[in-house]
Amino acid sequence: MKRFWFLLIMNGLTLAALAAPPGPTGIGYARALKKLTDVMVTDVTGPCGAARYYAYANLAAYELMYRQQKPAGYVPLTGLLRGYSLPAHTAPDPAIDVEFGSQYILLRMGEELLPSGYLLEEARQQLISDSQQQRHLTSDQVSRTRAYADSLVRKIVRYAAADGYLKTSGMLRYTPDDKPGTWQPTPPAYSETYEPYWATLRPFLLDSAAQFRPVRPVPYSAEKESAFYQLAREVYDTTQALTDEQRHIANFWDCNPFFLNQKGHVNFGTKKISPSGHWMGITSLVCEQQNLSLAETIRWHTLVGITMADAFISCWDEKYTSNRIRPETVINQQIDRAWRPLLQTPPFPEYTSGHSVMSQAVATVLTVLAGKSVAYTDVIEEEFGVPARTYRSFGEAAREAAISRLYGGIHFRDSIENGVRQGEQIGRFVVKKLGLNGQAASMQATRKK
């Protein structure tokens with residue numbers, strides 16, 4: 001009889017364990033982050049600014065998760081991030097709900113940082129309502145979680161305010177150089193240059209903006225026998241004979257936050273995500289595909305955000321150091337006055353390719369975080385009318401993002417290839433600085449058990 005009751009109890013415990021709800025995944029977190037991305041599209045946020053916003057918003061969620069649960073793979077960032085020091089945290093509060101808190105803190109950071117952050121208030125109020133009605137959080141849980149998250153928001157916003165970004169708006173207006181081979185505004189808008197002082201911002205992990213300056217670009221020359229002229233000729237010839245696949249690749253990785261359309265005498269803009277938004281979206285879809293926990297989802301997004309931010313600081317330091325002319329200007333002057341690239345030329349110097357630097361840096365970090373090559377289908381551009389593409393790895397996607405700039409007619413080959421090398425150096429530095437290789441090995445072993 002005792003054996004019967006023992007087996008009955010054990011069977012009941014087993015069924016209860018099977019029926020117990022799993023720990024929270026990162027799906028809700030990724031959806032909350034997408035709301036920030038949508039506001040950045042509304043604001044026409046460029047690649048540098050978007051990377052900065054993503055870094056700080058995800059950092060706040062990372063701190064909330066780390067201080068309440070100290071999950072595997074998390075490390076204290078005080079002492080690792082430049083100029084970053086938060087007060088020592090107290091013991092975790094059991095009344096704080098990290099699933100609600102991580103989404104709430106993202107939305108609050110967006111409200112504080114984004115120019116149109118007020119658009120997130122409705123989503124925040126809906127999150128509070130859903131957490132009480134669907135997840136049955138008590139009023140005490142909600143209020144204490146909000147109070148704790150708001151205290152972290154204030155600290156991270158103060159940290160962000162000291163990075164030098166606010167000072168750039170008061171700096172002298174950038175005037176293009178008139179020396180041969182230097183950057184000039186390009187059609188159709190002939191816009192002022194974008195973020196000429198971005199390299200003055202405080203990096204997150206890099207020692208300085210100039211830490212990973214690439215080799216010097218091929219020197220400018222108008223001589224038809226010169227190496228530079230051959231680079232320009234390659235861009236021209238390539239864009240004259242694009243295959244349908246190459247056109248798709250160029251458009252897929254365009255990521256132009258504001259495309260100026262011209263219909264006769266009428267101009268109107270089309271808004272899309274930035275390159276930063278594209279790679280943040282990739283991070284979200286792979287986290288969901290891999291069914292990562294909420295803690296891991298937050299960690300991946302935070303490290304990708306920090307990597308993107310430092311990659312753009314490094315790249316923009318080089319851009320305004322070499323101040324190199326764009327293919328469109330060269331080709332119009334020396335080869336074909338009527339030529340236009342497939343993609344609109346971005347309003348900043350050419351060398352190195354920002355897509356190449358940032359994509360490779362992020363792909364390097366994501367590959368280490370995953371501990372293996374991850375195949376995925378990228379549907380990020382579908383909402384903008386561009387069909388999905390499938391990749392066997394992050395590295396394959398990064399390489400394609402890089403070469404897409406040649407197909408698009410907006411970068412020379414040396415800018416692309418040296419940009420990839422620059423991004424690889426940055427990614428490896430992030431991995432080493434945060435000890436990610438050791439963490440990845442340890443977590444892979446844990447998963448196998």
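Tutor: The lining of the largest pocket comprises 18 nonpolar, 10 polar and five charged residues (charged: Asp, Glu, Lys, Arg; nonpolar: Ala, Val, Leu, Ile, Met, Phe, Trp, Tyr, Cys, Pro; polar: the others). This is a predicted model, in which local features need pLDDT of at least 70 and side-chain atom pairs pLDDT 80 or more, while totals for linings use all residues. Residues are numbered from 1 along each chain, and side-chain values use heavy atoms, without hydrogens or water.

The pocket (an open set of points on a 1 Å grid where a 1.4 Å probe fits, with protein on both sides within 12 Å along at least five of seven lines; lining atoms within 4 Å of a point) holds about 550 Å³. Of its 33 lining residues, Asn256, Pro257, Pro346, Pro347 and Phe348 lie nearest the centre. Strand E1 (258–263), helix H11 (294–322) and helix H13 (354–370) each give two or more residues to the lining (DSSP runs, helices at least four residues, strands at least two). H11 has the largest share, three residues.

Tyr174 and Tyr320 form an edge-to-face pair, because their ring centres are 5.5 Å apart and their planes at 80°. Tyr320 belongs to H11, and Tyr174, 146 residues away, to the loop between helices H7 (165–168) and H8 (227–240). Tyr320 is buried at 16% relative accessibility, whereas Tyr174, at 21%, is partly exposed (buried under 20%, exposed over 50%, partly exposed in between; 1.4 Å probe).

Note on methods. Points joined across faces, edges and corners; volume = space filled by probe spheres on them. Phe/Tyr/Trp six-rings, centres within 6.5 Å; stacked < 30°, edge-to-face > 60°.
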